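Please open the model in your viewer and keep the sequence panel beside it, so that each selection below can be followed by eye. The tour goes from one selection to the next and says what is found at each stop.

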Amino acid sequence: MAIKKNQICVICGNRFTITEGLFLRDLSDLLKEQVIQTNKYAKESSFICLKDLQKLRIDRMQKTIDQDLKIDHQMSDQLQKELEKNTYVIKNINDTVYGKRTRGQKMADAVAKFGGSWQFIITFSVIIILWMTINIVHLFGVNFDPYPFILLNLFLSCVAAIQAPIIMMSQNRQADRDRFDSENDYRTNTKSEMEIRILHEKMDQLNEVQWPHILDIQKMQIEVLSEIENEIQSLKTEKQAQESRSTRHSHK
């Protein structure tokens with residue numbers, strides 16, 4: 001006995017058996033809405049064949065994929081434009097600050113480096129002690145600066161007067177280096193912040209949009225596999241029924 005094709009597909013209008021399709025009430029809300037948009041006469045009790053149902057699913061998958069790709073391209077273009085706006089390249093401070101020093105600046109840095117070391121303190125202390133010893137005990141018969149060491153005081157004042165501006169010159173260069181270093185850090189942080197912000201937007205896009213779409217697509221794939229399995233079971237049942245009828249006829 002042949003199964004009657006008494007179900008009319010709401011999309012193509014052809015007749016099918018009840019196993020060759022599904023009713024709209026059995027579909028997901030999104031697919032149901034898509035069918036209703038395709039045919040304004042569709043209702044909950046309307047029937048749709050498997051072939052048209054697969055077409056709708058494939059169309060929906062393709063639209064979802066195209067939409068996600070479009071958003072990805074837009075965000076990639078936005079990131080590229082932002083990177084092109086900020087063409088700042090991180091510079092080596094040693095090359096920019098120390099690589100262009102004049103001879104006077106190099107001398108000032110050397111004097112400041114020596115003047116701020118234990119080597120300078122020990123050397124200068126030894127010179128002062130020798131100076132005072134020579135003039136007190138008349139060592140080698142020399143007494144060029146008797147107590148209270150007026151010449152020594154003048155010498156120390158001259159050294160301090162000359163050393164102070166030289167050290168200030170080096171400190172000014174250090175201040176320039178610090179300003180350059182701060183500007184370098186600021187631009188680097190600004191560039192990193194911009195890139196991280198756009199990457200966060202892309203991650204949010206993945207979390208909030210694309211991953212749910214992937215889950216929807218997987219869900220549709222599972223539905224298709226379930227329908228294929230049901231159809232296979234129906235065919236097996238129909239085949240067994242035909243074999244059973246054939247066996248009964250042969251016994252008669």
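Begin by selecting residues 120-141 and then residues 147-169, which an unreviewed UniProt entry lists under "transmembrane region"; UniProt positions are given in the numbering used here, feature names are shortened, and such annotations may be inferred rather than shown by experiment. The model itself is predicted, and local features need pLDDT of at least 70, side-chain atom pairs count only at pLDDT 80 or more, while totals for chains, interfaces and linings use all residues. Residues are numbered from 1 along each chain as its sequence is written, and side-chain values use heavy atoms, with hydrogens and water left out.

In residues 120-141 the end C-alpha atoms lie 29 Å apart, and the span is 82% helix and 0% strand. In residues 147-169 the corresponding separation is 35 Å, with 87% helix and 0% strand. Helices (H or I, at least four residues) and strands (E, at least two) are DSSP runs, numbered from the N terminus.

**The whole chain**

Now show everything in cartoon form, where the protein has 6 helices and 4 strands. Starting at the N terminus, you can trace the elements in the order β-β-β-α-β-α-α-α-α-α. Of the 252 residues in the protein, 23% are buried, where buried means under 20% relative accessible area, exposed over 50%, and partly exposed in between (1.4 Å probe, protein chains only). Contact means heavy atoms within 4.5 Å, and among the contacts with a separation of 6 or more, 66% are between residues 24 or more positions apart.

**The nonpolar core**

Next, select Val-10, Leu-24, Leu-27, Val-35 and Ile-48, the residues with the most contacts inside the largest nonpolar core, which has 14 residues. A nonpolar core is a set of buried Ala, Val, Leu, Ile, Met, Phe, Trp, Tyr and Cys residues joined through side-chain atoms within 4.5 Å. Helix H1 (29-38), strand E4 (47-49) and helix H2 (50-85) each give two or more residues to this core, and E4 supplies the largest share, 3 residues. If you then centre on Val-10 and leave aside residues up to four places away in sequence, you will find that Val-10 touches Leu-24, Val-35, Asn-39, Ala-42, Ser-46, Phe-47 and Ile-48.

**The cysteines**

Cys-9 is buried, with a relative accessible area of 2%, whereas Cys-158 is partly exposed at 38%.

**Helix H4**

Move on to helix H4 (residues 103-115), whose 13 residues reach 18 Å from the first C-alpha to the last, close to the 18 Å expected at 1.5 Å a residue; the expected span is 1.5 Å times one less than the number of residues. Colour Ala-108, Asp-109, Ala-112 and Gly-115, which are buried in H4. Looking down the axis, you will see these buried residues within an arc of 135°, so they line one face of H4; the arc is that of the directions from the helix axis to the C-beta atoms. The face of H4 turned away from the buried side carries the exposed residues Arg-103, Met-107 and Lys-113.

Which residues of H5 are buried? They are Phe-120, Phe-124, Trp-131 and Asn-135, and they cover an arc of only 25° around the axis, which puts them on the same side of H5. On the other side of H5, Trp-118, Gln-119, Ile-122, Ile-129, Ile-136 and Val-137 are exposed.

Just after H5, select His-138, which takes a positive phi of about 55°. Follow the chain to Pro-148, in the loop between H5 and helix H6 (150-251), and look at the peptide bond from Tyr-147 to Pro-148, which is cis, with omega near 15°. Finish at Phe-149, found in the loop between H5 and H6, where this residue has a positive phi of about 60° although it is not a glycine, and where Phe-149 counts as buried at 7% relative accessibility.
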